[in-house]
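Reader: I would like to learn how to read a structure like this one, feature by feature. Could we go through it together?

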Amino acid sequence: ILEAAASSKAVVSTTIGAEGLDFEHGKEIVIADQPEAFAREITALLHNPERLRRIAEAARKRVVEKYSYAILKTSVDHALLSLAGNVPAPESMPDVSR
């Protein structure tokens, strides 16, 4: 899901497939759990290029803001420092928002 979203692709997934990801249904991803609903959602996206584009762009934005390498590295570094009992003050954490 993250790779597809990072590539600006609209994603249709099940609830379990998207579990743990901070994506909003209908905005950055489409969730459908039943086979008929899944097929219906894919068809609806294919017939509505504007909605497909909006979801794809929002998904890419979410990945860049929340799941980029720099963001994940900072989170892991902070977690490791926390485990070692050496947590830096927030102002000393690198700014990775760029």
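**Reading the model**

Author: Gladly! Helices (H or I, at least four residues) and strands (E, at least two) are DSSP runs, numbered from the N terminus. This is a predicted model, in which local features need pLDDT of at least 70 and side-chain atom pairs count only at pLDDT 80 or more, while totals for chains, interfaces and linings use all residues. Residues are numbered from 1 along each chain as its sequence is written, and side-chain values use heavy atoms, leaving out hydrogens and water.

Reader: What does Ala59 touch?

Author: A contact means heavy atoms within 4.5 Å. Leaving aside residues up to four places away in sequence, Ala59 touches Ala5, Lys9, Phe23 and Glu28.

Reader: Which residues make up the largest nonpolar core?

Author: A nonpolar core is a set of buried Ala, Val, Leu, Ile, Met, Phe, Trp, Tyr and Cys residues joined through side-chain atoms within 4.5 Å. Here the largest one has eight residues: Ala5, Val11, Ala18, Phe23, Ile29, Ala59, Val63 and Tyr67.

Reader: How should I summarise the overall fold?

Author: Follow the elements along the sequence and you get the pattern α-β-β-α-α-α, from four helices and two strands. Of the 98 residues, 21% count as buried. Among contacts with a separation of 6 or more, 47% join residues 24 or more positions apart.

Reader: How many salt bridges does a search of the whole structure find?

Author: Side chains of opposite charge can pair when their charged atoms come close. The cut-off is a side-chain nitrogen of Lys or Arg within 4 Å of a carboxyl oxygen of Asp or Glu. The search finds nine salt bridges. One of them joins Lys66 and Asp22 at 3.1 Å, N to O. Lys66 is in helix 3 (residues 49–66) and Asp22 in the loop between strand 1 and strand 2 (30–31), so far along the chain that they are 44 residues apart. Both ends are partly exposed: Lys66 at 35% relative accessibility and Asp22 at 34%.

Reader: Where does Glu28 find its partner?

Author: Glu28 meets Arg62 in a salt bridge of 3.0 Å, N to O. Glu28 lies in the loop between strand 1 and strand 2 and Arg62 in helix 3, so this pair ties together parts 34 residues apart in sequence. Glu28 is buried, with 4% relative accessibility.

Reader: How far apart in helix 3 are Glu57 and Arg53?

Author: They are four residues apart, which means about one helical turn separates Glu57 and Arg53. Their salt bridge has its closest N and O atoms 2.7 Å apart. Glu57 is partly exposed at 45% relative accessible area, and Arg53 is partly exposed at 35%. Elsewhere, salt bridges that share partners join Asp22, Glu28, Arg62 and Lys66 into one network.

Reader: Which element holds Pro35, and is Pro35 buried or exposed?

Author: Pro35 lies in helix 2 (residues 35–46) and is exposed, at 60% relative accessible area. Its C-alpha is 9.6 Å from that of Thr14, 21 residues away in sequence.

Key. Buried means under 20% relative accessible area, exposed over 50%, partly exposed in between (1.4 Å probe, protein chains only).
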